[in-house]
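I opened this notebook to keep track of what I looked up in one structure. The entries follow the order in which I checked things.

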Amino acid sequence: MFEMCILELYGDYFVTSDLLFGFKKRTGCNDALYTVKSVVQHFISGNSTVNLCALDLSKVFDKVNHYVLFMKLLDHNVPIALLHILINWYTMCAAVVRWDNMFSDVVKLQCEVRQGGVLSSVLFAVYVNDVIMALSKSGHGCYFNNMFIGCIMYADDLLLLSGSLCDLQSMVDICCHEFN
């Protein structure tokens, strides 16, 4: 409930690229698939080549650096009071494993966003949004009417689209740099 209230009150601070699908109201897998299909059909109909590279970012979800996340939230002009709440919320994360009636020691979580949390997918989207922005500013990838459509992201899957393998490799390099 608490996270739902945060989203309701502060959702405007978590805006991300239109190329990021799956973590937003009124967008989903079908929208991402339709966009990819339309881009590929457009370039193929013009006798152009389209090269695709699919990157699975599921491990990124588990390795979200809290410090970097909080800096990105500052860049989104999140109110300081909300940022303090999120810092406390995430720096006090701990986990215990239960197996039968036995419990492990408490383990302090240093990174990741809470799996299954209402706010987690939104924070993850903010975290990875800079990758999409870097790709769009790079000059690599597919464009339609001067609009960058060189990547489509759905949940933790990133699809890169480019007319040349050389540009595609540059896009992969940009992703590696951003995630490092």
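**Entry 1: a strand pair.** I began with isoleucine 152 and looked for its bridge partner, which is leucine 159 in S10. This is a predicted model, so I read everything below as computed. I then took the two strands whole. Strand S9 covers residues 151-154 and strand S10 covers residues 157-162. They run antiparallel, and 4 bridges join them.

**Entry 2: the sheet around that pair.** Next I asked in what order the strands of the sheet lie. The order is S1-S9-S10-S2. The sheet is open, has 4 strands and shows mixed pairing. I noted the edges too: strand S1 (20-21) and S2 each pair on one side only. In general, strands of a sheet pair through backbone hydrogen bonds, either parallel or antiparallel.

**Entry 3: helices on the sheet.** I looked for what packs here. H2 touches S1, S9 and S10, and its direction makes about 165° with that of S9. Helix H7, residues 165-179, lies across S2 and S10. H7 runs at about 150° to S10.

**Entry 4: H4 against H5.** Two packed helices are described by the angle between their axes and the distance between the axes. I looked up both values for helix H4 (residues 66-75) and helix H5 (residues 80-91). The angle is about 165° and the axes are 11 Å apart. An angle over 145 degrees counts as roughly antiparallel, so H4 and H5 are roughly antiparallel to each other. H4 passes H5 in a right-handed crossing. Which residues make the contact? From H4 I listed His66, Phe70, Leu73 and Leu74. From H5 I listed Ile80, Leu83, Leu86, Ile87 and Tyr90. By class, that contact has 8 nonpolar residues, 1 polar and no charged.

**Entry 5: H4 against H6.** H4 also meets helix H6, residues 120-138. Their axes come within 10 Å and cross at roughly 85°. Angles of 65 to 115 degrees count as roughly perpendicular, so H4 and H6 are roughly perpendicular to each other. On the H4 side I wrote down Val68, Leu69, Lys72 and Leu73. On the H6 side I wrote down Leu123, Val126, Tyr127 and Asp130. The classes are 6 nonpolar, no polar and 2 charged.

**Entry 6: positive phi.** Most residues other than glycine have a negative phi. Asparagine 47 has a phi near 55°, a positive value. Where is asparagine 47 found? It is in the loop between helix H2 (29-45) and strand S2 (51-56). Is asparagine 47 buried or exposed? It is exposed, with a relative accessible area of 76%.

Asparagine 145 has a positive phi as well, near 50°. Its place is in the loop between strand S7 (143-144) and strand S8 (147-148). Asparagine 145 is exposed, and its relative accessible area is 66%.

**Entry 7: the whole protein.** The secondary structure comes to 7 helices and 10 strands. The C-alpha trace spans about 60 × 35 × 30 Å along its principal axes. Of the 180 residues, 39% are buried. I also looked at contacts between residues at least 6 apart in sequence: 66% of these join residues at least 24 apart.

Methods:
Residues are numbered from 1 along each chain as its sequence is written. This is a predicted model: local features need pLDDT of at least 70, side-chain atom pairs count only at pLDDT 80 or more; totals for chains, interfaces and linings use all residues. Side-chain values use heavy atoms; hydrogens and water are left out. Axes are lines fitted to C-alpha atoms, for helices over the stretch in contact, and angles run from 0 to 180 degrees between N-to-C directions. Angles under 35 degrees count as roughly parallel, over 145 as roughly antiparallel, 65 to 115 as roughly perpendicular and the rest as oblique. A crossing is left-handed if the near helix is turned anticlockwise from the far one by less than a right angle, and right-handed if clockwise. Contact means heavy atoms within 4.5 Å. Ala, Val, Leu, Ile, Met, Phe, Trp, Tyr, Cys and Pro count as nonpolar, Asp, Glu, Lys and Arg as charged, and the others, Gly among them, as polar. Buried means under 20% relative accessible area, exposed over 50%, partly exposed in between (1.4 Å probe, protein chains only). Two strands pair if DSSP finds at least two bridges between them.
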